[in-house]
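The structure is shown first.

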Amino acid sequence: MALVVQKYGGTSMGSVERIRNVAKRVAKTYDAGNDMVVVVSAMAGETNKLVALANEVCEFPDTREYDVLVAAGEQVSIALLAMCLKAMGYKAKSYLGFQVPVLTDTSYSKARIESIDDKKMRADLKEGTILIVAGFQGVDEFGNVTTLGRGGSDTSAVALAAALKADVCEIFTDVDGVYTTDPNICKDAKKIERISYEEMLELASLGAKVLQIRSVEFASKYNVDVHVRSSFNENLGTMVTKEDKEMEAVLVSGIAYAKDEVKIAVMQVPDKPGIAAQILSPLSDANISVDMIVQNVSEAGSTDFTFTVPQADFKKALSITKETAAAIHAKEVLSDESVTKVSIVGLGMRSHAGVATTMFQALAKEGINIQMISTSEIKISVVVDAKYTELAVRVLHDAFGLAGK
């Protein structure tokens with residue numbers, strides 16, 4: 001007997017028929033003699049409807065009430081799946097985040113899990129109950145509902161697997177696994193059978209939509225093997241696990257892209273110590289993550305300071321930056337929403353030279369101008385004009401020989 005945690009995303013839960021399909025999959029795994037904890041997302045499109053309602057009510061919704069609203073979608077999903085399993089003759093029980101409880105910090109809409117009390121779940125598992133837990137949500141120390149950000153159900157599932165010391169965490173989605181790049185852009189993209197936590201962490205942070213970044217952080221920290229697979233077939237997917245020598249032999253594992261970033265440039269900033277902190281600190285205080293940063297060489301006592309932020313935070317970030325720019329006597333603030341970040345990731349980059357050269361030459365050959373560059377041990381990211389997104393991805397996919405092998 002094993003303890004299996006399964007997670008089903010919004011597409012998998014998108015209709016009553018699909019919920020019945022999930023129930024059959026859960027029942028099959030349970031009938032094989034396993035204890036079962038199932039984490040589900042809201043039905044496809046439901047969270048977007050709730051977000052649209054919030055934005056219709058006001059431009060900047062109160063963050064506490066926003067979380068109360070968007071957490072509602074998962075409550076519907078867990079109840080429907082539990083009802084379905086009970087109608088099939090199984091013992092099932094639904095749990096909301098606060099009922100587990102999943103304790104988080106107070107960063108509404110971006111909350112981080114601090115601890116999970118597994119006592120009630122373990123007692124129910126001993127009774128042979130299939131547990132259905134709402135993903136994406138938790139509760140802070142003051143009893144307020146919190147949410148973990150888009151894709152947060154992945155994090156919920158991996159965190160529960162870590163707390164319960166599950167044998168495996170299966171993330172069921174609408175794709176067969178992790179691919180070398182988006183198959184919608186490159187038809188010859190190849191499914192990766194095994195990928196390291198570190199590579200998956202980079203791909204997730206750089207725009208790959210298969211797993212939320214914090215779910216990979218949890219998996220890496222607690223050594224949880226994560227199996228990413230499709231809920232629409234029985235194929236094996238991609239195992240996210242510890243790195244091994246075979247993984248290190250691959251130069252580039254995947255190409256990721258992110259269209260949801262915006263470039264903000266503060267022009268003619270006084271070039272003096274501490275100016276970067278003055279620009280970025282107010283953004284940090286507002287819980288806005290800054291990604292890529294470029295500061296030009298000083299000219300006539302001033303410089304240009306450019307950075308990227310998530311599209312979701314753009315309005316707030318631009319407003320804050322304009323206030324800061326006025327306070328430090330910068331000339332103006334410019335912004336560009338039509339940019340994309342394209343990245344290559346691979347453990348083999350640690351020990352192979354010339355990777356950046358290959359990347360830059362491939363882009364230059366197609367006339368794609370690079371606006372910003374960021375690197376780490378196992379990734380190189382560039383910001384390019386959004387109209388070149390698909391071309392850049394295909395060119396790099398070919399340049400590093402990632403087509404189906």
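**Pocket and domain interface**

The second largest pocket has a volume of about 360 Å³, taken as the space filled by probe spheres set on grid points joined across faces, edges and corners. A pocket here is an open set of points on a 1 Å grid over the protein atoms alone, where a 1.4 Å probe fits, with protein on both sides within 12 Å along at least five of seven lines; lining residues have an atom within 4 Å of a point. The model is predicted: local features need pLDDT of at least 70 and side-chain atom pairs pLDDT 80 or more, while totals for chains, interfaces and linings use all residues. Residues are numbered from 1 along each chain as its sequence is written, and side-chain values use heavy atoms, without hydrogens and water.

- Of the 16 lining residues, Lys190, Ile192, Glu193, Arg194 and Val250 are the closest to the pocket centre.
- The lining comprises 6 nonpolar, 2 polar and 8 charged residues, with Asp, Glu, Lys and Arg counted as charged, Ala, Val, Leu, Ile, Met, Phe, Trp, Tyr, Cys and Pro as nonpolar, and the others, Gly among them, as polar.

**Domain interface**
- Domain 1 spans 3-174 and domain 2 spans 255-400, with bounds from an automatic or database domain assignment.
- Their C-alpha centres are 34 Å apart.
- Contact (heavy atoms within 4.5 Å) links 4 residues of domain 1 with 4 of domain 2.
- Two salt bridges, written as a count of 2, occur between the domains; the term requires a side-chain nitrogen of Lys or Arg within 4 Å of a carboxyl oxygen of Asp or Glu.
- Lys110 and Asp313 form a salt bridge through their side chains, at 3.2 Å from N to O.
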